[in-house]
Amino acid sequence: MRVKLIINYRTRWGESVFVSGNTPVLGSNSIEQALRLEPVSDSDWVAEFDVKELHRLEYTYLIKTEHGVVLRSEWGKRHIVGEVDDASIVVVYDNWQDLPDDAQFYSTAFTKGIFSRKQPSSGVVATGGDVVLNVFAPMINSNQLVAVVGEGEQLGNWDVLKAKPLNSSDFPKWSIALHGISEPVEYKFVILNAATKGFEAWEYGNNRVLEPEQTQGEVTVLNNLVLRNPMSLWRGAGTAIPVFSLRSEDDFGVGDFYDLFKLIDWAEATGQKVIQLLPINDTTMTRTWLDSYPYNANSTFALHPMYIRPDAIGEL
């Protein structure tokens, strides 16, 4: 199977675009062995390579100098091309990933917490003749989903009741494989109610245009599209508190982690969405007075033994 990656990126003199990924031809995730793309215009870069089969291709782009020095790399997670069957060539149109304005919604606090959803058992599988749309839409509540509607029978003839829901197995990325689209069509993404499939909102802006130029057995992938979300930015109230300020009849007098369960129950009962804690782990880095600064933490995930509840440890 032939894979063709196409990305539009305007470089400076002496810079080149490289791609590093999870296959040997892309360096097996080694930046040093990354594959150089070839320029085909003043801003388009192309890489072509063969793979035996395509289950899940993961890769990222970076910019190097002529001496191999990495100047820039992309923000966020890697590009993903899902499983492809019965195709001779996969053509992927990519976009460079810069830090988005809504970067906070890509964090696990939202993707695995506030906006978490039950994941489908598997992702999208494309076959020859399909057009795959991959669109980022992080700020979608768990009771909502993203769908596509547009011109032609395959896209519902602009009837939102016939909009095709996208797969969220790689949330906050949504994907769909459309079959039988051989001519240019206009389309848009919409937001639907997940339970009733009822219409909730159109994405803002002009219609998108899909212009497939496929040969027999080809799969076209439009990667890293971004939903033009018309919904108001998510807002949520919460409580900020250091662990040592938690007090209950069960703690040891200095606050402990077990009291967080009671704080969480109270926050849920009062409709709060977020609990923020002061850093609670070791700050020893320089072994000087600078280590007294509580925000200079070695890790945002480590815990501190001071807040262990002794009678919950068990027998030594």
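Is asparagine 193 buried or exposed? Asparagine 193 is buried, with a relative accessible area of 19%. Buried here means under 20% relative accessible area, exposed means over 50%, and partly exposed lies in between (1.4 Å probe, protein chains only).

**Before you start**

This is a predicted model, in which local features need pLDDT of at least 70 and side-chain atom pairs count only at pLDDT 80 or more, while totals for chains, interfaces and linings use all residues. Residues are numbered from 1 along each chain as its sequence is written, and side-chain values use heavy atoms, with hydrogens and water left out.

**Whole chain**

Show the protein chain as a cartoon. Its secondary structure comes to two helices and 22 strands. Helices (H or I, at least four residues) and strands (E, at least two) are DSSP runs, numbered from the N terminus. Along the principal axes, the C-alpha atoms fill a box of roughly 70 × 55 × 40 Å. Of the 316 residues, 41% are buried.

Now consider contacts, meaning heavy atoms within 4.5 Å. Among those between residues at least 6 apart in sequence, 67% join residues at least 24 apart. Switch to a surface view. The chain exposes about 18300 Å², and carbon and sulfur atoms supply 52% of that area. Accessible areas come from the Shrake-Rupley method with a 1.4 Å probe; for residues, only the protein chains shown count as cover.

**Stop 1: asparagine 193**

Select asparagine 193 in strand β17 (residues 185–193). A polar atom of its side chain lies 2.9 Å from the backbone nitrogen of alanine 195. Polar contacts are pairs of N or O atoms within 3.5 Å; within protein, one must be able to donate a hydrogen and the other to accept it, and residues adjacent in sequence count only if both atoms are side-chain atoms. Not counting residues up to four places away in sequence, asparagine 193 touches Asn143, Leu145, Gly198 and Glu200.

**Stop 2: strand β20**

Next, colour β20 by burial. Eight of its nine residues are buried. Two strands pair if DSSP finds at least two bridges between them. Strand β10 (residues 89–94) runs parallel to β20, joined by five bridges. Pick valine 92; its bridge partner in β20 is valine 221. Then bring up strand β12 (residues 130–136), which pairs with β20 in the parallel sense over five bridges. Here leucine 133 stands opposite leucine 222 of β20.

**Stop 3: glutamate 203**

Move to the loop between β18 and β19, where glutamate 203 is found. Its relative accessible area is 2%, and glutamate 203 is buried. The glutamate 203 side chain reaches the backbone nitrogen of phenylalanine 189 at 3.1 Å. Leaving aside neighbours within four places in sequence, the contacts of glutamate 203 are Lys188, Phe189, Arg208, Leu227, Arg228 and Pro230.

Side chains of opposite charge can pair when their charged atoms come close. A salt bridge is a side-chain nitrogen of Lys or Arg within 4 Å of a carboxyl oxygen of Asp or Glu. Glutamate 203 forms one with arginine 228, the closest N and O atoms being 3.9 Å apart. This pair links distant parts of the chain: arginine 228 sits in the loop between β20 (218–226) and β21 (238–241), 25 residues from glutamate 203.

**Stop 4**

How many salt bridges does the count come to? It comes to 13.

Select arginine 309 and aspartate 259, a salt bridge with closest N and O atoms 3.0 Å apart. Arginine 309 lies in the segment after β22 (274–277) and aspartate 259 in helix α2 (residues 259–269), 50 residues apart. Both arginine 309 and aspartate 259 are buried.

Compare aspartate 42 and arginine 10, where the closest N and O atoms are 3.5 Å apart. Aspartate 42 and arginine 10 are both exposed.

Then select Arg2, Glu48 and Asp50, which are linked in a network of salt bridges.

**Stop 5: threonine 65**

Threonine 65 is in strand β6 (residues 57–65). Draw a C-alpha to C-alpha distance to valine 17: 9.1 Å in space, for residues 48 apart in sequence. Leaving aside neighbours within four places in sequence, threonine 65 is in contact with Gly14 and Leu71.
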